[in-house]
Amino acid sequence: MHTAADTATPEPLASDRILIVDPDRFVREAIRNAFEASGANTLQAETTDEAIAAFEADPDLSGLVLGLSEPLPLIETLRRRHRRTAIVVLSEFPSVEAAVAAMREGADDVLVKPIVDRELVSSMTRSIERR
């Protein structure tokens, strides 16, 4: 459960590189704007294959924002190779079971779309700090 303190002004993400994976270009752009306003560098991918290729090209990515309808295969693949990457899942149709499954596979947080920019940035900042 998130408290008001969780959505306070996040620490700068200036040295972090975040990969945003979502099939919707407008969602990716909105998320990119939120992270870049907080100082993070971002990359974007539309599909699981593009996300895997991005991690192969840059295995030191700090964080991953997943807006895919089926995030578990990508979470499982990345956790085997990149244990230190923070993963935040965005879900349009959340269920407790889906959130628990994502967390068991290695997601650090699950947020419900539509998201509030500062909530997403705060979640990623906390997730990176824990890794």
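Which residues are exposed on the other side of H2? The views below answer this and take a friendly walk through the rest of the chain.

This is a predicted model, in which local features need pLDDT of at least 70 and side-chain atom pairs count only at pLDDT 80 or more, while totals for chains, interfaces and linings use all residues. Residues are numbered from 1 along each chain as its sequence is written, and side-chain values use heavy atoms, with hydrogens and water left out.

**View 1. The whole chain.** The chain has 5 helices and 5 strands; these are DSSP runs, numbered from the N terminus, with helices (H or I) of at least four residues and strands (E) of at least two. Along the sequence they follow the pattern β-α-β-α-β-α-β-α-β-α. The C-alpha atoms fill a box of roughly 35 × 30 × 30 Å along the principal axes. A compact globule of 131 residues would have a radius of gyration near 14 Å, and the 13 Å of this chain agrees with that. (The radius is taken over C-alpha atoms, and the globule rule is 2.2 Å times the number of residues to the power 0.38.) Of the 131 residues, 44% are buried. Here "buried" means under 20% relative accessible area and "exposed" means over 50%, with partly exposed in between (1.4 Å probe, protein chains only).

View 2. Helix H2 covers residues 48–57, and its Ala-51, Ile-52, Ala-54 and Phe-55 are buried. Looking down the axis of H2, you would find these buried residues within an arc of 160°, so they line one face of the helix. The arc is that of the directions from the helix axis to the C-beta atoms. Here is a handy rule: an α-helix has 3.6 residues a turn, so residues three or four places apart point the same way. Now to the opening question: Asp-49, Glu-56 and Ala-57 are the residues exposed on the other side of H2. Glu-56 counts as exposed because its relative accessible area is 57%.

**View 3. What H2 and H3 pack against.** The buried residues of H2 pack against strand S1 (17–21), strand S2 (41–45), strand S3 (63–66) and helix H3 (72–81). Contact here means heavy atoms within 4.5 Å. H3 has buried residues too: Leu-74, Ile-75, Thr-77, Leu-78 and Arg-79. Their cover includes H2, S3, S4 and helix H4 (96–105).

**View 4. Strands side by side.** S1 and S2 pair in the parallel sense over 5 bridges, and the bridge partner of Ile-18 in S2 is Thr-42. Two strands pair if DSSP finds at least two bridges between them. S3 pairs with S1 in the parallel sense over 4 bridges, with Leu-64 as the bridge partner of Leu-19. S3 also pairs with S4 in the parallel sense over 4 bridges; there, Ala-86 is the bridge partner of Gly-63. Both faces of S3 are covered, with Gly-63 and Val-65 buried on one side and Leu-64 and Leu-66 buried on the other. S1 is mostly covered, as 4 of its 5 residues are buried.

**View 5. The nonpolar cores.** The largest nonpolar core has 18 residues, of which Leu-19, Val-21, Leu-64 and Leu-66 touch the most other members. A nonpolar core is a set of buried Ala, Val, Leu, Ile, Met, Phe, Trp, Tyr and Cys residues joined through side-chain atoms within 4.5 Å. S1, H2, S3, H3 and strand S4 (86–91) each supply at least two residues of this core, and H2 gives the largest share, 4 residues. Apart from this core lies another, of 16 residues, including Ile-18, Ala-34, Ala-40 and Val-121.

**View 6. Two loops to look at.** Thr-85 sits in the loop between H3 and S4. Is Thr-85 buried or exposed? Thr-85 counts as buried because its relative accessibility is 4%. Leaving aside neighbours within four places in sequence, the residues in contact with Thr-85 include Phe-55, Leu-64 and Arg-131. In the loop between strand S5 (109–112) and helix H5 (117–130) you will find Pro-114. A cis peptide bond joins Lys-113 and Pro-114, with omega at about -5°.
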